[in-house]
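Please keep the model in view while reading.

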Amino acid sequence: MKKLKQITGLIVVAMAVVFAGCTKEGPQGPPGSDGSDGTDGTNGSDGTAGCITCHTNDSELTIKTAQFEHSIHFTGGAEHTGYANYAGGSCSMCHSHNGFMKAVEDGTNFGGLHAEAAAMSCYTCHQIHTSYTRDDYAMVYEGEVDLIMNEVDAFSDLSVDAGEPSNTCVKCHQARNRGDDTPNLDVSTNTLITSSHYGPHYGVQGIIYGGKGGYFASEADKGKHNCVKCHMSNAASTGNYGAYFGGHSMALSMAQYDDETGEMTSYTAFTKACTDCHESLDDDFDLNGIQTGVKAKLAALKTALMENNIMDDHDHIITDKEYTQEQLAAFWNYKLVKDDGSYGIHNKVYANDLLDGALSALQD
C-alpha cells in the first residue's frame, strides 16, 4: 500500500511537469487607464532667497566695497600678509585674515603662523555667509579687549571697551609688549636695548582712546565717541569723494604727493563726521588747539630724548645701550602719542598726561 502511494505521487508530479511545459503565455493585453495623480509635495524655499537679502539691486554693497578698497586696511594689508608667517606668529593677528580669525576663535591675542594667508576682507570683521541673512553683518569680535600688555609683569588686568562694533578695531589697534624689555617702573635694573625697532609698535590708537598702556599717567578713558562713530560716519561718505572718506574707507582726510619729490600736492579734509558736534572745527582737525598743544609737547619731549642720547632724529631708540626703566618709559610714551597720530583728538587728557609725565621723568 505504501509503495502504491509513492508511485501515485510520482505520477502526479510527472503530470504536473508535463502540463506546465505545455502552458504558453498569450499576447499582452492593452494597458489600463492611468491612476489619479498623487498630492503635490511642499514647495521648497527659493534657492536665492538668502542671497538677495544682502545682494539686492541697490548700491549698498558696491559702495561699501569701493570704500574698503580705498582703505589702508586693504591697500596696505594686502602687502603685509607675509607677516602671517613671521616672528613666531605674533604678527599674524593684525596682518592677516587667518591670524585674526585664529586669535578670535582661541580667545587670545596670538594669531599663530600661517604659511599661506589672506589679507583682511569683509570676512575678517563680519560673519559673512554664516546665516545668509542680514545677521551676517554682525561683527566677528565685539567684546571688551584684554590687552597684549597684560602678558608682561609691568601690567595686569588692562582692557579697553570701546563698545560694539569699535572693539573690533581695538583688538588690533593696541600696543604690543617687548617681553622682559618692556619698561617696568617697579624694578631698578637697567635694560640693554639692541633693536632699533624697540617700542610699542605703530597702530596704538585703541589704547590711547582707552587710556591704557603708558607710564607716568593715570588711566583716562576718552568716555565718548568711538572709532566707528567718527571714522565710519555716513555723513563722511557723501559728495564727490564718497569712496575716499568715511564708511568703510575709515579715512577722514586724503593727501596726494608728487611722485618725484614726495611733496604734498593736495590735501582734502572731510570734517562732516565731526561738525555735527563741533561746528567750529577747521580742516586741520585742530579742535580748540588740542593738536597744537600736543605737537608742542611732542617736540619738547623729542628734544629731551635726543639730548639724553636716548633717541635719534628719526625717532628710533639708540641701540646697544643700557637704559633705566624711566628712560625707556619716557621713550615709550613718546612713541605712543606720536604713532597714535591724532595728536590728542583720540584722548586729549591721556595724551597730555603721557607727555607731561615723560618730560618730568627726564628732568628728574
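The axes of helix H11 (residues 325–340) and helix H12 (residues 348–363) come within 9 Å and cross at roughly 150 degrees; axes are lines fitted to C-alpha atoms, for helices over the stretch in contact, and angles run from 0 to 180 degrees between N-to-C directions. H11 is therefore roughly antiparallel to H12, a term for angles over 145 degrees, whereas angles under 35 degrees count as roughly parallel. Helices here are DSSP runs of H or I with at least four residues, numbered from the N terminus. This is a predicted model, in which local features need pLDDT of at least 70 and side-chain atom pairs count only at pLDDT 80 or more, while totals for chains, interfaces and linings use all residues. Residues are numbered from 1 along each chain as its sequence is written, and side-chain values use heavy atoms, with hydrogens and water left out.

On the H11 side, Gln-327, Ala-330, Asn-333, Leu-336 and Val-337 meet Ala-351, Leu-354, Leu-355, Ala-358 and Leu-362 of H12, where contact means heavy atoms within 4.5 Å. The residues of this contact comprise eight nonpolar, two polar and no charged; Ala, Val, Leu, Ile, Met, Phe, Trp, Tyr, Cys and Pro count as nonpolar, Asp, Glu, Lys and Arg as charged, and the others, Gly among them, as polar.

H12 also packs against helix H10: their axes come within 10 Å and cross at roughly 25 degrees. H10 and H12 are therefore roughly parallel to each other. Among the residues that make this contact are Leu-301 and Leu-305 of H10 and Leu-355 and Leu-362 of H12. Its residues divide into 11 nonpolar, one polar and three charged.

The largest nonpolar core has 51 residues, of which Leu-301, Leu-305, Ile-317 and Leu-336 touch the most other members. Such a core is a set of buried Ala, Val, Leu, Ile, Met, Phe, Trp, Tyr and Cys residues joined through side-chain atoms within 4.5 Å. H10, H11 and H12 are among the helices that each supply at least two residues of this core, and H11 gives the most, with eight residues.

Away from these helices, Asn-85 lies in the loop between helix H3 (72–75) and helix H4 (92–95). Asn-85 counts as partly exposed because its relative accessibility is 42%, between the limits for buried (under 20% relative accessible area) and exposed (over 50%), with a 1.4 Å probe and protein chains only. Its C-alpha atom is separated by 7.9 Å from that of Gly-112, 27 residues apart along the chain.

How values were computed: Parallel < 35°, antiparallel > 145°, perpendicular 65-115°, else oblique.
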